[in-house]
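Let's take a walk through this protein together. Keep the sequence and the 3D view side by side as you read.

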Amino acid sequence: MRGQASDRPTYLSREESFMYDREANFPMEETRNEARIEYTENGMLNLSSRRCELLQISKSSAVIGIATQFKLPQNFYLDIPSARIGMIGCIVKRIHANNLVEARFLRLMSERDLNRIFVYSTHPNHRNRVLDIYS
């Protein structure tokens, strides 16, 4: 029979990350900031944290380098202490073999937060950036 309901794909059969793949990608910019990944282990209430380095960032996603291998959950928080930005909700898009993690933010970063990250970056491209305290 043609046109049965079972032949058509349903919304529930798709992955939840499908909506993130259809979003517009913002250009990534290189940076070098110390950061922390915070997550819950085995459904416990307390957060575990691991040190990492923020290598690239855009309004919607980031590339994070981790020093040691550990079991990273699908969702976690990213904390950037030098820029005083905490608890950015993230979803893992891809984990590479060379300990690089591509993550997608749950909300878009503001220009103010991005500028603050670039001011405190140790990357040579951001050497002359200054913090605008009036915006």
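For a disulfide, the two cysteine sulfur atoms would have to be within 2.5 Å. By this rule the count comes to 0 disulfides. Cys90 is buried, with a relative accessible area of 1%, and Cys52 is buried too, at 5%. Here "buried" means under 20% relative accessible area, "exposed" means over 50%, and "partly exposed" covers what lies in between (1.4 Å probe, protein chains only).

Before going further, a word on where this comes from. This is a predicted model, in which local features need pLDDT of at least 70 and side-chain atom pairs count only at pLDDT 80 or more, while totals for chains, interfaces and linings use all residues. Residues are numbered from 1 along each chain as its sequence is written, and side-chain values use heavy atoms, with hydrogens and water left out.

Now step back to the whole chain. It has 2 helices and 6 strands, and along the sequence they follow the pattern α-β-β-β-β-β-β-α. These are DSSP runs numbered from the N terminus: helices are H or I with at least four residues, strands are E with at least two. Of the 135 residues, 34% count as buried. The chain exposes about 9600 Å², and carbon and sulfur atoms supply 49% of that; accessible areas come from the Shrake-Rupley method with a 1.4 Å probe, and for residues only the protein chains shown count as cover. Contacts (heavy atoms within 4.5 Å) also reach across the sequence: of those with a separation of 6 or more, 56% are between residues 24 or more positions apart.

What sits in the middle of the packing? In soluble globular proteins, nonpolar side chains tend to be buried together. In this model the largest nonpolar core has 26 residues, and those with the most contacts inside it are Ile37, Ile57, Ile64, Phe76 and Leu78. Two or more core residues come from each of strand S1 (29-40), S2, strand S3 (61-66), strand S4 (75-80), strand S5 (85-95), strand S6 (100-105) and helix H2 (111-119). S5 gives the most, with 4 residues. A core of this kind is a set of buried Ala, Val, Leu, Ile, Met, Phe, Trp, Tyr and Cys residues joined through side-chain atoms within 4.5 Å.

Leaving aside its neighbours within four places in sequence, Phe76 is in contact with Ile37, Glu38, Tyr39, Ile64, Ile88, Gly89, Cys90, Val92 and Ala103. Then look at helix H2, where the buried residues are Asp113, Leu114, Arg116, Ile117 and Phe118. They pack against S1, S2, S4 and S5.

On to the charges. Side chains of opposite charge can pair when their charged atoms come close. Taking a salt bridge as a side-chain nitrogen of Lys or Arg within 4 Å of a carboxyl oxygen of Asp or Glu, a search of the whole structure finds 5. In one of them, the side chains of Glu34 and Arg51 meet at 3.6 Å, N to O. That pair links distant parts of the chain, with Glu34 in strand S1 and Arg51 in strand S2, 17 residues apart. Glu34 is partly exposed at 47% relative accessibility, whereas Arg51 is exposed at 66%.

Glu111 and Lys59 form another salt bridge, their closest N and O atoms being 3.4 Å apart. Glu111 lies in helix H2 and Lys59 in the loop between S2 and S3, so this pair ties together parts that are 52 residues apart in sequence. Glu38 also has a salt bridge, with Arg36, the closest N and O atoms again being 3.4 Å apart. Glu38 is buried at 12%, while Arg36 is partly exposed at 28%. Arg36, Glu38 and Asp79 are linked in a network of salt bridges.

Leu47, Tyr77 and Met87 make a nonpolar patch of about 270 Å². Patches are made of residues with over 30% relative accessible area and no salt bridge, with like charges joined within 9 Å and nonpolar side chains (Val, Leu, Ile, Met, Phe, Trp, Tyr) within 5 Å. Leu47 is found in strand S2 (residues 47-57) and is partly exposed, at 39%.
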